[in-house]
Amino acid sequence: MPHPNTGSPRPVAPGPAADEGLARRLKALACTAPLHDLDVRKANLAGEYSTYAMAEVALAAIDLVTLTMDFDTGADHDQIVARLQPRVAAQAPGRSAGEHERVARWVLENLINVGSVDRGFRAVYGTFGADGRYVRRDYDFKLIEEVPGPGGTVYLRTTDEAVNVLVGALDTDVTSAQIAAEVKLEVLINRGRLADAQLAAEQARYRTVQYAETLRRALEATRRDVRAVDWLRAVPDMINEALDHVADRYRHENAILTNIRKARDEATEPEHKRRAAELVDIVKDCIRRHTQLQSRLLEAGPLFRAEQDRQAFATPAARAGLDLYGQLLAPVLPLPVERASRVTDAFFARGTGLRTPPAVRVGDLIEALLTPPLEREHLGAELPEPDLVATPEDSRFTEAQLEAALELLDLPHDAPRRLSGLLAEARRRDPELPYLVALLAVHAASPPVGTAYRQGEQRLLFAVDDGAELDDPEFGGADLIVGAALLDAAGMALDRTVENTAGKDEGHRE
Amino acid sequence: MDDGENLAPAPEPQADRPAALTPADAADAARLVAFGLQPKLLPARDAEYADLIRRHREDPAFARLADAVAAGLGLVVLEVSPRAGMAVAAGEDSVFAVRMGDYSRRAASDSSDRFLHGLAHLAVAALAFPRPADLADDGYIGRITVNGVDAFVRQACRRLEERAEEHGENSDPASDAPGLEAAWRVYARRSATGATKDARRLAGSTTGIVGKAVAFLVDSGFLQRTGDEAGGTYRTTARYQLQVRDLAGSAAMAELLDLGVVPVGDGTASLLPPDETADLDLVAEAGLPFHGS
């Protein structure tokens, strides 16, 4: 925020700089107006709704939308309503669930401002122009906007205005604000003030979301038109900056995570423990978002090159035509709408094609009106039977061979075997089989423990080299000891759930 | 009709007798124009249409007759070719012309809706033919999506917004003069989409307005729908290129020049995008409008 007192000391009208600061604050104030308005207007609703704190529900809604706003899409309308309901229900436990849903929906729709054609809000404020004249101006803004998602669905996103209102840090630089928030968090954790630390961590998360949003826009523009974005300097700089940012944050947040984990484990007070556990969740979420952002950033370069190939290597035409964007669209957009309309009207009149006016005879009209409407086919058109062509089998080993090999390797857990013996037995069954058995045994030398752990496998094949030489006509190397290990599936499943809920219940478990 | 068919091969010595046109020829000429009035019909799909097109190209007297019929109906002939058929466009006062009020009832009364509908058509054309060369190249087929057009205009608006902020301008319009609001701002503050009760596109949203424009252009035989991704994907037809290149583009250009906005040369500086981009040295953007391929 510029300092409001930088205006000149002239007594008559405040200088433009002071005025600008004032206008800025008025706009910030205006963004909160829809929230206050909810509480004022709830009295007009049919029904007794005064027990609900609408502004609180609205802020919670903005929170929810901001946090579920992912890189690609936004939040789902119904999901937000559903997740708002517990809070609404807590405000009036005696009321029906239907009413709770109605209230949640009403708040959300009012934040979108469904009733207006722009689906936005307008506030009027006054400024002094350069000539000292007082002008009233319209400030249009949105809090939650609806954006198109894949498959024609509609998603919700919070606007920058909403995020700024929510975080309460107007007009600040995204990067620096985030750094500040995180330094604050570290200090707070060191001093053991976890309550404040959580607030700071949440703010850091909002900042992270906002940062991702800024980047998403730039990348999207690149995909549309390579030339619309400065790929010589601005975007590469931004990407480098963002990558540095991600690397930096990642290191930073991992450090914080370790610290809080320690704090969580060492904390004795249950309340502290719970807060620390929540904090772990938040920081984990931050890390997840950073990783997501990073993978997007890495895709940006190839995307640019592919788009450049696609957009640049079109054959040039012999004669130059009219440049629709540069000579028409671009100059029209900055014009006042009154004047711009003249140009678009002219384009519309000549560019829409023609329509043959209908000429109806009364006789036809009567027939048309009396014809019953066509029954729509409920199931739609019949799908054609797909013509499938079998792909030729090109695997080295057949399914039967794999089965035989696996059967051979299905060893009892208390009786491991030497590879040489397995190979000999396999050779007796099928001369090709030893190759498959040897391959599986070598893989077992580095067993996929992580996968087995995640999938909750009961047993795992392993192979150990004890130094014995393999004596075999076809294979050389170590005569591995191949065996099966039994895994504690139940114990692993328990561990996994504990890990996922990240200590939320850990406090109680110990 | 059979008379016409029989006459077609006959007029080889037409140079000697240019006036020997019969009412049957007039009927054929009118039939050709009637084919032209069905913009989705292509000569390749209809043998009779293809014959008449061929006759128009080979028989100058018949061509003059057909052109005269079109002119009499208030139509402008853009091209007669096997690829585009008889491409005719409605003259300004013709009964075939599309009026904004018929197009959208809201646009008739609301000036910002009127502007947005017009802008949608301009933006569809601008994105279908992004470079001047694309518009000039007869073989070029443009591809657009509804969401792509919306995002493209939004991006342009956002850049103007950023530029206004950089220059410290206050782009909020005066309350008592809504007509002076910057055009980009009208688009920017209209929401991109919106949930409706019946899962259709919200008509007043910008994707709704662009969607209406492309649907209308499909009916005009200017676009063909190719898929449902990104709000609907479309490709252009030869007729659309002709219409934009020969009529709409120049008409809008004339109007713009009439407003005193000269996109090249020394117009009023504040309205000139190229000057401002030079100041900001946005390399990529400079390539878009003025130094593009």
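Trainee: Why are α11(A) and α12(B) called roughly antiparallel to each other?
Mentor: Look at the angle. Helix α11 (residues 337-351) of chain A and helix α12 (residues 238-258) of chain B pack at about 160 degrees. Angles over 145 count as roughly antiparallel, under 35 as roughly parallel, 65 to 115 as roughly perpendicular and the rest as oblique. Therefore α11(A) and α12(B) are roughly antiparallel. Their axes are 8 Å apart. Axes are lines fitted to C-alpha atoms, for helices over the stretch in contact, with angles from 0 to 180 degrees between N-to-C directions.

Trainee: What should I know about the model and its numbering?
Mentor: This is a predicted model: local features need pLDDT of at least 70, side-chain atom pairs count only at pLDDT 80 or more, and totals for chains, interfaces and linings use all residues. Residues are numbered from 1 along each chain as its sequence is written, while chains are lettered from A and ligands numbered from 1 in the order in which they are written.

Trainee: Which residues of α11(A) and α12(B) meet?
Mentor: From α11(A), A:Arg342, A:Val343, A:Ala346, A:Phe347, A:Arg350 and A:Gly351. They meet residues of α12(B), including B:Leu247, B:Ala251 and B:Glu255. Contact requires C-beta atoms, placed from the backbone, within 7 Å. By class, the contact of α11(A) with α12(B) has nine nonpolar, two polar and three charged residues. Ala, Val, Leu, Ile, Met, Phe, Trp, Tyr, Cys and Pro count as nonpolar, Asp, Glu, Lys and Arg as charged, and the others, Gly among them, as polar.

Trainee: Why are α10(A) and α7(B) also described as roughly antiparallel to each other?
Mentor: Their axes cross at roughly 155 degrees and come within 10 Å. That angle is therefore in the roughly antiparallel class. Here the crossing is left-handed. A:Leu324, A:Tyr325, A:Leu328 and A:Leu329 of α10(A) touch B:Leu122, B:Ala123, B:Ala125 and B:Ala126 of α7(B). The residues of that contact divide into eight nonpolar, no polar and no charged.

Trainee: How many residues join the two chains overall?
Mentor: 70 residues of chain A are in contact with 90 of chain B. α11(A) gives the most to the chain A side, with 15 residues. That side has 36 nonpolar, 13 polar and 21 charged residues.

Trainee: How many helices and strands does chain A have?
Mentor: 18 helices and eight strands. Both are DSSP runs numbered from the N terminus: helices are H or I with at least four residues, strands E with at least two.

Conventions. A crossing is left-handed if the near helix is turned anticlockwise from the far one by less than a right angle, and right-handed if clockwise.
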